[in-house]
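Here are some exercises to work through with the model open beside you. Try each one before reading its solution.

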Amino acid sequence: MRMQRRELLKAGLSGLAGAGLGLTGLQEAWALGAPPPNQFSSAPELAPFLGLQGEDLAAQDLRIEGRLPSQLRGVYYKNGPSLMGRAGERYQHWFDGDGLVQAWRFGDGKVSHQARFVQTAKFKAETVAGRFLVPGFGTAIEARMPTRGSDGMNVANTSVLMQQDKLYALWEGGSAHELDPQTLATRGVKTWAPGLAGMPFSAHPKVEADGTVWNFGTMAGRMAIYQISAQGQVLRSEVFASPGPTAFVHDFAVSQNYLVFLLPPLHLDLEALRGGASMAGSLRWQAAESTRVLLIDKADFGRRRLLEIPACMLFHFGNAWDDGQTLHLDYVQSRPMPSLNQEFAQLMRGERPASHEALSVTSTPRFMKIDLSSGRVELQSRTEAVEFPVVDPRVVAQRYRHVYYPLALETGERWGFNGLLHLDLESGRRERYCFGNQVVVEEHVMVPKPGSRQEGEGWLLGLCYDTQRQRSFASVFDAQALSAGPLAKVWLPYWVTYGFHGKFYAA
Ligand SMILES: [Fe+2]
């Protein structure tokens, strides 16, 4: 028997499993057109922050609106925080949720969807216990089970990387989790080399056109650098004391000759942490300090150079390139982390952050040029409200001209991105598309068209949530004609939680 909306509210989402109403039941209830639960009804775009309940999803032969390019064949994997509450306890930060990996399979004019939770040690133990057992990044939960190292809190929720027959679910605070790319079954924690066991492996590895993978990890003031072959062998690695704060280093950039880090002046207040605050709640922004620019020579990790720029906070880089004289890179600057955390807490309560405080309004593109002889840094900024920059995978660490972002365009009070932006860095041309305020737009990746050679020839592919239909869909654009609108939308018969990052792997 279907549970009535009111009963659903009364039971509370965390009680659903106990009430015998699994994910399917929850989604059926939502699918019947009833309004989202009370606390989110005034902000329907926040409904996906309610989270899913820990069960797998699958749907075949998805409804395709428009024309899907016949050459688009392969799998779009996407990761994101998805389980947000257990036994009446809810996470207070978007970054805390347990990782759900989705696989959108494109081929022969058809699309299927599959999603499975990563079976981390934490997820498995908490599923058995029926409640949270360890703290989240942004939620102070007393440790109810002993954990060893950072992998005890690993939620594997941020991005994916595929190498040959191995798919990895990534989380910056710990090890990668290896998954079966066909079934999404979790195989276990990845150790790249015996000396690197338990060393964090960030969620933003950079993959060059030849398959070489560069990545880093930070732990207690130390940084690890990894160079991994296309076959998955660690070619070189180094662990060293960081010359700047590493309390929150989320991404980096790679050019022909350098690994580039921006180390924002965020410090971990250990006293607050010991006093029971969450990790996110223990971060302190030192506005008077600089953001350190760390350049590491790819040919010799021991050759490191440190520059300084005024304090700035960022999550994501687009790309970088250098000609030996000048290093060029782009990133998206955001507000400092401590104030952003308040916004994330509001989102998890179903409250819209004030528009002037919203991430989507205050995060904007930056372009940096570094004179490699003098160390002089030049910065240019733009004002579009964006995040999640991507480039054509063929130009990673090479000279590039195109960057693509989700864009917030006249959203009013509504949270989130509602469009896409393409910047041509050489011509200065800007192209935009807006879905309207009914749709929340996530990261869109650039998928090269098979057989094409030119940067930018291909499609933009990503996920969206339609707040009125309460359904998620994938949208596919011609990357060279963004303003013409999506070529196709592929609809799920249900909704999924918002994800962070994805990757497309051609079949
Ligand atoms: Fe990220």
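**Exercise 1.** Is Met162 buried, partly exposed or exposed, and which residues is Met162 in contact with?

*Solution.* Start with the accessible area: Met162 has a relative value of 22% and is therefore partly exposed (buried is under 20%, exposed over 50%, partly exposed in between, with a 1.4 Å probe and protein chains only). This is a predicted model, in which local features need pLDDT of at least 70 and side-chain atom pairs count only at pLDDT 80 or more, while totals for chains, interfaces and linings use all residues. Residues are numbered from 1 along each chain as its sequence is written, and side-chain values use heavy atoms, leaving out hydrogens and water.

Then list the contacts (heavy atoms within 4.5 Å): leaving aside neighbours within four places in sequence, Met162 meets Tyr77, Leu167, Pro181 and Tyr505. Finally, take Tyr505: 343 residues separate it from Met162 in sequence, but the C-alpha atoms are 7.9 Å apart.

**Exercise 2.** Which residues coordinate the iron ion?

*Solution.* First find the donors (N, O and S atoms within 2.8 Å of the metal, or 3.2 Å for Na, K and Ca; water is not among the atoms, so sites may look incomplete). They are the NE2 atoms of His204, His250, His316 and His501, at 2.0 to 2.1 Å. Now check the angles: among the 4 donor atoms they run from 90 to 167°, and the site is irregular. Four donors would be tetrahedral with all angles between 85 and 135 degrees; four are square planar and six octahedral if opposite donors are over 155 degrees apart and all others between 65 and 115; anything else is irregular.

Last, look at Ser159, also in strand β8.

**Exercise 3.** Which parts of the chain does the salt bridge between Arg284 and Asp269 tie together?

*Solution.* Begin with the distance: the two side chains meet at 3.3 Å, N to O (the rule asks for a side-chain nitrogen of Lys or Arg within 4 Å of a carboxyl oxygen of Asp or Glu). Arg284 lies in strand β19 and Asp269 in the loop between β18 and α4, so the pair ties together parts 15 residues apart in sequence. Arg284 is partly exposed at 32%, and Asp269 is partly exposed at 25%.

Note on methods. Helices (H or I, at least four residues) and strands (E, at least two) are DSSP runs, numbered from the N terminus.
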